[in-house]
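Here is a friendly briefing to read alongside the model. Please keep the viewer open as you go through the points.

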Amino acid sequence: MSRWIIHLPTTLTSREAAAGLAAVLKTSLDHVDVIDFGETTLSAEDAQHLRHRVWCDTRLTGGRRCRLGDRHPGPCGTAGER
């Protein structure tokens, strides 16, 4: 079965600001089971083919995903576990 992707354009002008908005949306909408925040990526408007992952996507025991930033140092887990 294929999944659908929602592309949500913003007026933000930096990758850091877009990642910050993604984090706020994740905090606000983390209770919505149909959103897979582990797959969140960012791209510049004129380079949508070049995507940057926001969070580490490693699957942990119990089906959870690592909740740390992409390419984080050290072991996977959640921010509160370190």
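A salt bridge here is a side-chain nitrogen of Lys or Arg within 4 Å of a carboxyl oxygen of Asp or Glu. By this rule the protein has 9 salt bridges. The model is predicted, so to speak of a local feature requires pLDDT of at least 70, side-chain atom pairs count only at pLDDT 80 or more, and totals for chains, interfaces and linings use all residues. Residues are numbered from 1 along each chain as its sequence is written, and side-chain values use heavy atoms, with hydrogens and water left out.

**Confidence**

- The mean pLDDT (the predictor's confidence in each residue, from 0 to 100) is 88 for the protein, and 94% of its residues reach 70 or more.
- Helices (H or I, at least four residues) and strands (E, at least two) are DSSP runs, numbered from the N terminus.
- Helix α1 (residues 15-29) has the highest confidence, at 95, while strand β2 (residues 52-53) has the lowest, at a mean of 93.
- Where pLDDT is low, the predicted coordinates should not be read in detail.

**Salt bridges**

- Glu-39 pairs with Arg-53 in a salt bridge whose closest N and O atoms are 3.9 Å apart. This pair links distant parts of the chain, with Glu-39 in the loop between α1 and β1 and Arg-53 in strand β2, 14 residues apart.
- Glu-39 is partly exposed at a relative accessible area of 31%, on a scale where buried means under 20%, exposed over 50% and partly exposed in between (1.4 Å probe, protein chains only). Arg-53 is also partly exposed, at 30% relative accessibility.
- Arg-53 also meets Asp-57 in a salt bridge (3.9 Å, N to O), and Asp-57 is partly exposed, with a relative accessible area of 23%.
- Arg-71 and Asp-70 form a salt bridge (3.7 Å, N to O). Salt bridges that share partners join Arg-3, Asp-36, Glu-39, Arg-53, Asp-57 and Arg-65 into one network.

**Around Arg-71**

- Arg-71 sits in the segment after β2 and is exposed, with a relative accessible area of 78%. Its salt-bridge partner Asp-70 counts as partly exposed, at 30% relative accessibility.
- Arg-71 and Trp-55 are 16 residues apart in sequence and 8.0 Å apart in space, C-alpha to C-alpha.

**Nonpolar surface patch**

- Patches are made of residues with over 30% relative accessible area and no salt bridge, with like charges joined within 9 Å and nonpolar side chains (Val, Leu, Ile, Met, Phe, Trp, Tyr) within 5 Å.
- Ile-6, Leu-8, Leu-12, Leu-21, Val-24, Leu-25, Leu-29, Val-34 and Ile-35 form a nonpolar patch with about 830 Å² of accessible area together, computed by the Shrake-Rupley method with a 1.4 Å probe, where for residues only the protein chains shown count as cover.
- Ile-6 lies in the segment before α1 and is exposed, with a relative accessible area of 78%.

**Largest pocket**

- A pocket is an open set of points on a 1 Å grid over the protein atoms alone, where a 1.4 Å probe fits, with protein on both sides within 12 Å along at least five of seven lines; lining residues have an atom within 4 Å of a point.
- The largest pocket holds about 1400 Å³ of space.
- Its lining has 36 residues, of which Ile-6, His-7, Leu-8, Thr-40 and Thr-41 lie nearest the centre.
- The largest share of that lining, 6 residues, comes from α1.

Technical notes: Points joined across faces, edges and corners; volume = space filled by probe spheres on them.
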